[in-house]
Amino acid sequence: MGNGNSTETKESRRSKMRQKLQTFSSRRRLRRPGSGSVSGLATQRSVSQEDFAGIALLTLIGAEMKFKDKWLACVSFGEQTFRTGISDSTDKPVWSSEKKLLLEKNGPSLARISVFETNRLSKNNIIGYCELDLLEFVVQEPDSTCKSFDLLDPTSSNVVGSMFISCSVEDPVETETCFAKRILSIVDYNEDGHLSFSEFSDLMNAFGNLVASKKKEELFKAADLNGDGVVTIDELAALLAVQQEKEPIINNCPVCGEALQLSDKLNAMIHMTLCFDEGTGNQMTGGFLTDRQASYGWMFKLSEWTHLSTYDVGLNTGSSASHIVVIDRKTKRLVEELIDSKIVMSMRAIYQSKIGLGLMDQGAKEILQNLSEKQGKKMNTAESAQNIPSFLEFFKDQINMAEVKYPLDHFKTFNEFFIRELKPGARPIACTDREDVAVSAADCRLMAFQSVDDSTRFWIKGRKFSIKGLLGKDVDSDAFLDGSLVIFRLAPQDYHRFHSPVSGVIEKFVDVPGSLYTVNPIAVNSKYCNVFTENKRTVVMISTAEFGKVAFVAIGATMVGSITFVRKEGDHIKKGDELGYFSFGGSTVICVFEKDSIKIDEDLLANSARSLETLVTVGMQLGVSFPKLENCSLES
């Protein structure tokens, strides 16, 4: 059909073209029910010419493992995760699976590749991972050569296999040429690599550009050098790519139909390249938030279809999902917080309903108090040390034992392990020579708000939350009423020692009695519960030269045996100095700053405005005092 077919009508040709485009489009839009706002995350935002670093073609070629199984690999990059197909049962899986990724100079560059064994019905098991800085890789290996990377055990960091990867960055004109070839192949109805003018005309009309429609004959003749009325796809693709650089001719993306900004040639090219990349070649499957979600087996997929399991992030939705997703500040990658599904269901039953909280008011608070005290005592017994290995196994890719100060056999009880110290230098403190820079107080999931009003709009849903209620009646809260609020939520797997975010003098400690509700987002986001103002807590008032007074509030939670401080009133502390620790359980610290005393880092505010917690570690930059802003270079 390269030179046309007289028996085929123009309408039938257009119908075939629409069918092919619809195939690509449906593959791109395909999302499993319950996958939440994945498509919203994947929406391409505008990229400036200065920030554009290229489009990387990442290929997972294969791996060498230490035992035979059926394997799959996942790539997590920024807020997207992709997966390969499942290999045959082998110790040398081959995937040759590829994905194009947008590289930005100030965006994510670190890709995490995880390898899972797939011998389980509902939950596949991560065996090893490696991390690859794509920007560094393409600079060092510009010719897309295959390179081997060690796969590390998530718990021990021992080498468990090798991963073979290639990566290259396409030249923009080359990218447009490849894109044009794929577009043109849609109307090459007999797939012989040649196009007639009528076939080319159909495609030009589909681009939605009236000027291009008028110039199509001119463009076609320029490519038809021998005048036989037939041109090769390669010839026409090269011509289209050059024309698109000079004067864009594509108004609408032929795959998804989205209108393109003709004045923004860069983003039009990026959009079409990534959009059309779906469904071509041996592509990885997308539409996932985390590697864990991508790796689940068919039993989990069934639960998604029945809406029992949901992944979601975004404004006022993340906390209602059955899986908590947070964003890692260092890697700019979404990660899943591990929590037992039965616990999730019970917390939602209690904290997200009037009936559940009604039962809490009728005596369950005392039960929680007693249970927490008993559990705390139990975790101080020698027998409790037997729980450490299973705890490490459950959180195998979220606890790095290489950072821990003492070996595992040093801990004689579970609580000794829970309040473990880290090696010197494991948590660098940002800008140690500058007192005007505040830092993270804990390894945690952080929410930051420039004002208390923002915190109640985006995160804290308890109807009675207030700064006065948080600090208690024995603290003068007037200076903090319109201040900034930072919430540091510690999960069980975290390093549970908390540190001072600022330098100053400890004025006083104020104990505020209360309950022991969970500090999980399910409870924090409940309109029926006021976790932060009803839980047992201690307020530490710190007087500083740069930020005025700072209220540091350590909040107890379900299963937290005690809050222990290692400083006393009158002590001078430097930012990053240890203040104390939480014994067994999850827990939270809230820092309240006086109004207009701190400018919180923009990335933390932006994530919090989406109801998305940011995974941070002790010592990362939190913000800068307002008087010093003109001299500050914000570093995280």
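**Burial, active site and pocket**

Trainee: Is Asp-443 buried or exposed?

Mentor: Asp-443 is buried, at a relative accessible area of 6% (buried is under 20%, exposed over 50%, partly exposed in between; 1.4 Å probe, protein chains only). This is a predicted model, in which local features need pLDDT of at least 70, side-chain atom pairs count only at pLDDT 80 or more, and totals for chains, interfaces and linings use all residues. Residues are numbered from 1 along each chain as its sequence is written, and side-chain values use heavy atoms, without hydrogens and water.

Trainee: Where in the fold does Asp-443 lie?

Mentor: In the loop between strand E14 (437-439) and E15 (strands, at least two residues, and helices, H or I, at least four, are DSSP runs numbered from the N terminus).

Trainee: Which residues does UniProt list for "active site"?

Mentor: The unreviewed entry lists Asp-443, His-499 and Ser-587; such annotations may be inferred rather than shown by experiment. They span 145 residues in sequence, yet no two of their C-alpha atoms are more than 13.9 Å apart, so they gather at one spot. Of this set, Asp-443 is taken in by the lining of the second largest pocket.

Trainee: How many residues line the second largest pocket?

Mentor: There are 44, and Asp-328, Gln-398, Glu-403, Leu-615 and Thr-617 lie nearest its centre. Strand E13 (333-337) is one of the elements that each supply at least two lining residues, and E13 gives the largest share, five. On a 1 Å grid over the protein atoms alone, a pocket is an open set of points where a 1.4 Å probe fits, with protein on both sides within 12 Å along at least five of seven lines; lining residues have an atom within 4 Å of a point.

Trainee: Changing topic, where is Asp-476?

Mentor: Asp-476 sits in the loop between helix H16 (467-471) and strand E16 (484-490), and is exposed, with a relative accessible area of 55%.
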